[in-house]
Amino acid sequence: MLDAAVRAAADRTRGSRVTVRTAAGEVPMTVVDLSSETGTLRLAQGRVDAVRFEAADVAWPGFPVSRLVVSCQDVRFAGPVSTAVSVGSVRVELEVTAEVASAVIAAARPGLTVRCAEVLLVSRRPWPGALELGPSVVDRRALLTPVGVRLGKRRVRLPARVRPVAVDLPQLPRGLVLTGVAVTPTGLRLEGGAVDWRDRLSGMPLLELLSLLANAAATLTVGRI
């Protein structure tokens, strides 16, 4: 019965377009999947072992995200009529396409052309070579530090003191922190999360937790900032 209710909640939202309010503005997204793991006793105690939420085409203002995945472990609700929720751990993954990455980096440093392969390469015409950038995250910004110069098959390593390209990243819900950025063949993957995260769900008491799992997960995913 529990599994059937969870599947029904997921089926109602899968493929639907939802909009969540954040400090950056309204963020539309398409629900790809929703799943949870728990037991009847745990649910009666107001606890869910795990919730996973996936969305696509996330229209963060100025920073469109092609894929968003949020995984929550040990979700605890304060009571049947309370909107307070705490989560033992949250993991967030955001993927942006190479086209979006190129546009964002070009806005920070006009005239650059960006390529995402096994590494992040940028070039500027008419120079025939490319700079290899090493990405990192510091204070909600991606720092893209030139670490090498590539010219054909040759690569020359650069000193660590070369000035990085700084790119502003999307704001996550309050308490969630971006911790890393990686280059993929299709673009960039941002990673973050939190331990012992606490907040309140948006205005709807959890009187019927199972039937509201989809709404709870969506609110928890992009919550209030």
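Strands E3 (residues 47-58) and E4 (residues 65-77) run antiparallel and are joined by 10 bridges. Two strands count as paired here if DSSP finds at least two bridges between them. The strands themselves (E, at least two residues) are DSSP runs numbered from the N terminus. Val58 sits opposite Val65 of E4. The hairpin between E3 and E4 has 6 residues between the strands, and Gly62 takes a positive phi near 75 degrees there.

Before going on, a word on what you're looking at: this is a predicted model, where local features need pLDDT of at least 70, side-chain atom pairs count only at pLDDT 80 or more, and totals for chains, interfaces and linings use all residues. Residues are numbered from 1 along each chain as its sequence is written, and side-chain values use heavy atoms, with hydrogens and water left out.

pLDDT is the predictor's confidence in each residue, from 0 to 100. The protein's mean pLDDT is 77, with 80% of its residues at 70 or more. Over residues 203-225 the pLDDT is below 50, though this stretch has 69 contacts in the model beyond near neighbours in sequence. A contact means heavy atoms within 4.5 Å.

Back in E3, have a look at Glu54. Its side chain makes a polar contact of 3.1 Å with that of Arg67. Such a contact is a pair of N or O atoms within 3.5 Å; within protein, one must be able to donate a hydrogen and the other to accept it, and residues adjacent in sequence count only if both atoms are side-chain atoms. Neighbours within four places in sequence aside, Glu54 is in contact with Thr30, Val31, Val32, Asp33, Arg67, Leu68 and Val69.

Glu54 counts as buried because its relative accessibility is 13%, and buried means under 20% relative accessible area (exposed is over 50%, partly exposed in between; 1.4 Å probe, protein chains only). Here are some other buried residues:

| Residue | Relative accessibility |
|---|---|
| Cys72 | 2% |
| Thr184 | 12% |
| Cys116 | 15% |

Thr184 belongs to strand E12 (residues 177-184). Not counting residues up to four places away in sequence, Thr184 touches Cys116, Ala117 and Arg189. As for disulfides (cysteine sulfur atoms within 2.5 Å of each other), a search of the whole structure finds 0.

Further along, E7 (residues 120-123) and E8 (residues 130-138) run antiparallel with 3 bridges, and a hairpin of 6 residues joins them. E8 also pairs antiparallel with E9 (residues 141-151) through 9 bridges. That hairpin has 2 residues between its strands, and Asp139 in the turn has a positive phi of about 50 degrees.

How values were computed. Helix = DSSP H or I, 4+ residues; strand = E, 2+ residues; numbered from the N terminus.
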